[in-house]
Amino acid sequence: MKAICFLCEKTVRLDDNSLLAKKLRNNPLKTYLCNECRERITLHTLERLAKRKEKEAPSPSSAPPTDCTSAHS
Ligand SMILES: [Zn+2]
């Protein structure tokens, strides 16, 4: 069967008996991603996650959590 990558719109031939082909027959074609795009997206996602972690969790010494304790005493 043929599948069209929904990102780059490249047409890819799939083995009819492959698991992916069976999945695509049950689900809409727009769920298909070619290997290139899937790799690219995976890389981007991992990069973004890594960057977000750096921002959300800076080194503990730069921002000590002293706000709450001072208000109570
Ligand atoms: Zn693609």
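This report describes the fold, the confidence and several individual residues of one protein chain.

The structure is a predicted model, in which local features need pLDDT of at least 70 and side-chain atom pairs count only at pLDDT 80 or more, while totals for chains, interfaces and linings use all residues. Residues are numbered from 1 along each chain as its sequence is written.

**Overall architecture and confidence**

The protein contains 3 helices and 2 strands, and along the sequence these elements follow the pattern β-β-α-α-α. Helices (H or I, at least four residues) and strands (E, at least two) are DSSP runs, numbered from the N terminus. Of the 73 residues, 1% count as buried. A residue is called buried if 20 or more other C-beta atoms lie within 10 Å of its own, exposed if 12 or fewer, and partly exposed in between, with C-beta atoms placed from the backbone.

Among the contacts in the protein with a separation of 6 or more, 48% are between residues 24 or more positions apart. Two residues are in contact if their C-beta atoms, placed from the backbone, lie within 7 Å.

The predictor's confidence in each residue is given as pLDDT, from 0 to 100. The mean pLDDT of the protein is 83, and 75% of its residues reach 70 or more. Confidence is highest in helix H2, at a mean of 92, and lowest in helix H3 (residues 67–72), at 63. Where pLDDT is low, the predicted coordinates should not be read in detail.

Helix H2 covers residues 35–56, and its 22 residues should span 32 Å at 1.5 Å a residue; the end C-alpha atoms are 31 Å apart, which agrees. The expected span is 1.5 Å times one less than the number of residues in the helix. The number of buried residues in H2 is 0, so the helix lies largely in the open.

Cys-37 belongs to helix H2. This residue counts as partly exposed because it has 15 C-beta neighbours inside 10 Å. Apart from neighbours within four places in sequence, Cys-37 is in contact with Cys-5, Leu-7 and Cys-8.

**The loop between S1 and S2**

Glu-9 lies in the loop between strand S1 (2–4) and S2. Although Glu-9 is not a glycine, it has a positive phi of about 60°. Most residues other than glycine have a negative phi. Glu-9 is exposed, since 8 other C-beta atoms lie within 10 Å.

Lys-10 is also in the loop between S1 and S2, and its 13 C-beta neighbours inside 10 Å make it partly exposed. Not counting residues up to four places away in sequence, Lys-10 touches Cys-5 and Cys-34.

Leu-14 is placed in the loop between strand S2 (11–13) and helix H1 (19–26). With 17 C-beta neighbours inside 10 Å, Leu-14 counts as partly exposed. Beyond its neighbours within four places in sequence, Leu-14 is in contact with Met-1, Ala-3, Leu-20 and Ala-21.

Lys-22 is a residue of helix H1. Lys-22 is partly exposed, with 13 other C-beta atoms within 10 Å.

**C-alpha separations**

| Pair | Sequence separation | C-alpha to C-alpha distance |
|---|---|---|
| Leu-14 and Ala-3 | 11 residues | 6.9 Å |
| Cys-37 and Leu-7 | 30 residues | 7.0 Å |
| Lys-10 and Leu-33 | 23 residues | 9.2 Å |
| Lys-22 and Met-1 | 21 residues | 9.8 Å |
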